Number of protein chains: 2
Amino acid sequence: MDNRAIGVFDSGLGGLTAVRQLHRIMPDEHIIYFGDTGRVPYGTRSRQTIINYTRQDTAFLCSHDIKAIVVACGTVSSVALGTVKTENTIPMVGVVKPSCYTAMKLTKSNRVGIIGTKGTIHSGSYEAMLHTLDPSVHTIARACPLFVPLVENGRFSPDDPVVQLVVEEYLAEIRDFGVDTLIMGCTHYPLLRAAIRAYLGDEVALIDPGAEAADYVRTFLEPAEPGNGRTEYFVSDDPDSFDTYAEMFLGEPAGVHANLVEDIASYGKERG
Amino acid sequence: MDNRAIGVFDSGLGGLTAVRQLHRIMPDEHIIYFGDTGRVPYGTRSRQTIINYTRQDTAFLCSHDIKAIVVACGTVSSVALGTVKTENTIPMVGVVKPSCYTAMKLTKSNRVGIIGTKGTIHSGSYEAMLHTLDPSVHTIARACPLFVPLVENGRFSPDDPVVQLVVEEYLAEIRDFGVDTLIMGCTHYPLLRAAIRAYLGDEVALIDPGAEAADYVRTFLEPAEPGNGRTEYFVSDDPDSFDTYAEMFLGEPAGVHANLVEDIASYGKERG
């Protein structure tokens, strides 16, 4: 048994979709969550800045007693994980590989769609992994830059006309391409699941990257003892606002009381 | 004559609407612009974080030889300027006061609308200033949280159906209130001028806060010598992307080559 915590981080709230799944399948784990709400979003920033922020987020989590890190952010997993992993000894799990494994298990038509932030789609991370798993797969990828601001503003209802219009704009080509599986490649996007489902129809499988990363972690991690379970939340800005919105990401009455990290940019300075 | 530079800053690109006006009316000035593109947007962050970021932005500009600072950001002007002004000896001009002066000069019906970020509208800064200038003024204010992400994604055409839908949603109450003057209280919003005009009609005066701040600066600043004019640009992330988008804010072929500021969070540490 290993009672050390599992560290989880994201640019903001999205990574809570991974915590939600960890709560379901590993209720005895101590989880330490960090949301970089003072610098969200990551998906529109440059590669170097995403790497710098990832180093600091990782250093913050490593200042606690943890046994692994779940990178619950599609952008970081796509753009920075390869670099930052080599600089740390702690096991780090991103969302790309687990999502792609599940996509290849589910697809029957061998036609898989990917949506994500600009940074994620530009990196080609999901396509590369899918093609590694099966060179014959047909993929289509589309950046959806307005999805994160919509979700961060609480706009994800399938009845919201702005949401409907933006979903249609971003997903029209993907629907026409005839995918039977869609990787919602940013941890914010599962909140738009109902709106995406309304547009694509029930026959398209929708893959939640945070949940997939959580499932994958369980396959190799030495578990904690029964009764060890608790979750601590840390953010770089506005804990009150985080507490308010966290429930909608966690999908449960959460009683979240996040702690403020005052100077996230000062962590990991020694790595420069 | 005073050839020292004018410092201008914003969370990102929006403040270039002030630079555009400075170029027009004070072509001999040396301008140093800082856009905090590594941490944009400010409008959804907490008061304390906006103050911290403003201290760092101000300290960066003060590391150059400047004679004044234009705070070309509605959120900073509303939330942080009062605090940070008292900590510095350099003259600092925000967008709120100049915009309100012009609004009260232009309105005939005494009914003035204000739009801005969540932080700006929550602060009540524009209403307070308008009521100081004329206690009988009738005001209506509305936060427009999707406007900045739309503009930052290049979405501001009056023919864009998403823009049309969001403009209608945010401005319906303001139109019904019967304003004859609207303060576009965030320096990003003037890019949406055509879409706002299409919805509100030609009879509503639209006030550009960056341009108003630039006009106000001219009234008190010791000018530079002829031939001194040049502009230097600094950003905290992705200079290439800044260069690409800058022209649409400046409204001129700009030939912008921004410089990267690697660690904006390290400026002004001594003020803690």
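**Salt bridges, chain contact and cysteines in the predicted model**

Glu29(A) and Lys67(A) form a salt bridge, with their closest N and O atoms 2.8 Å apart. The pair joins distant parts of the chain, 38 residues apart. Glu29(A) lies in the loop between helix 1 (16-25) and strand 2 (30-35) of chain A, and Lys67(A) in strand 3 (residues 66-71) of chain A. Both Glu29(A) and Lys67(A) are buried. The model is predicted. Side chains of opposite charge can pair when their charged atoms come close. Over all chains, the count comes to 16 salt bridges.

Arg55(B) forms a salt bridge with Glu87(B), and the closest N and O atoms are 2.6 Å apart. Arg55(B) belongs to helix 2 (residues 47-62) of chain B. Glu87(B) sits in the loop between helix 4 (81-85) and strand 4 (92-93) of chain B. The two residues are 32 residues apart. Arg55(B) counts as buried because its relative accessibility is 17%, under the 20% limit. Glu87(B) is partly exposed, with a relative accessible area of 28%. In chain A, a network of salt bridges links Asp36(A), Arg39(A) and Asp57(A).

The two chains also meet through charged pairs. Two salt bridges are found across the interface of chain A and chain B. One of them is formed by the side chains of Arg155(A) and Glu169(B), at 2.7 Å from N to O. Arg155(A) comes from the loop between helix 8 (147-152) and helix 9 of chain A, and Glu169(B) from helix 9 (residues 161-177) of chain B. Arg155(A) is buried, with a relative accessible area of 13%. Glu169(B) is partly exposed, at 31%.

The contact draws on 29 residues from chain A and 29 residues from chain B. Together the chains bury about 2100 Å² between them. Of this area, 45% is on carbon and sulfur atoms. Between chain A and chain B, 16 residue pairs are in polar contact. On the side of chain A that touches chain B, the elements giving two or more residues are helix 2 (47-62), helix 8 and helix 9 of chain A. Helix 9 of chain A gives the most to this side, with six residues.

An α-helix has 3.6 residues a turn, so residues three or four places apart point the same way. Gly201(A) follows helix 10 of chain A and has a positive phi, near 95°.

Cys73(B) is buried, with a relative accessible area of 4%. Cys100(B) is in no disulfide either, and the nearest cysteine sulfur, that of Cys186(B), is 15 Å away. Cys100(B) counts as buried, at 0% relative accessibility.

Key. Residues numbered from 1 in each chain as written. Chains lettered and ligands numbered in written order. Predicted model: local features only at pLDDT ≥ 70, side-chain atom pairs only at ≥ 80, totals over all residues. Heavy atoms only, no water. Buried < 20%, exposed > 50% of the residue type's maximum accessible area, 1.4 Å probe, protein only. Disulfide = S-S within 2.5 Å. Helix = DSSP H or I, 4+ residues; strand = E, 2+ residues; numbered from the N terminus. Salt bridge = Lys/Arg side-chain N within 4 Å of Asp/Glu carboxyl O. Contact = heavy atoms within 4.5 Å. Buried area = accessible area lost by both parts, 1.4 Å probe. Polar contact = N/O pair within 3.5 Å; in protein donor to acceptor, adjacent residues only side chain to side chain.
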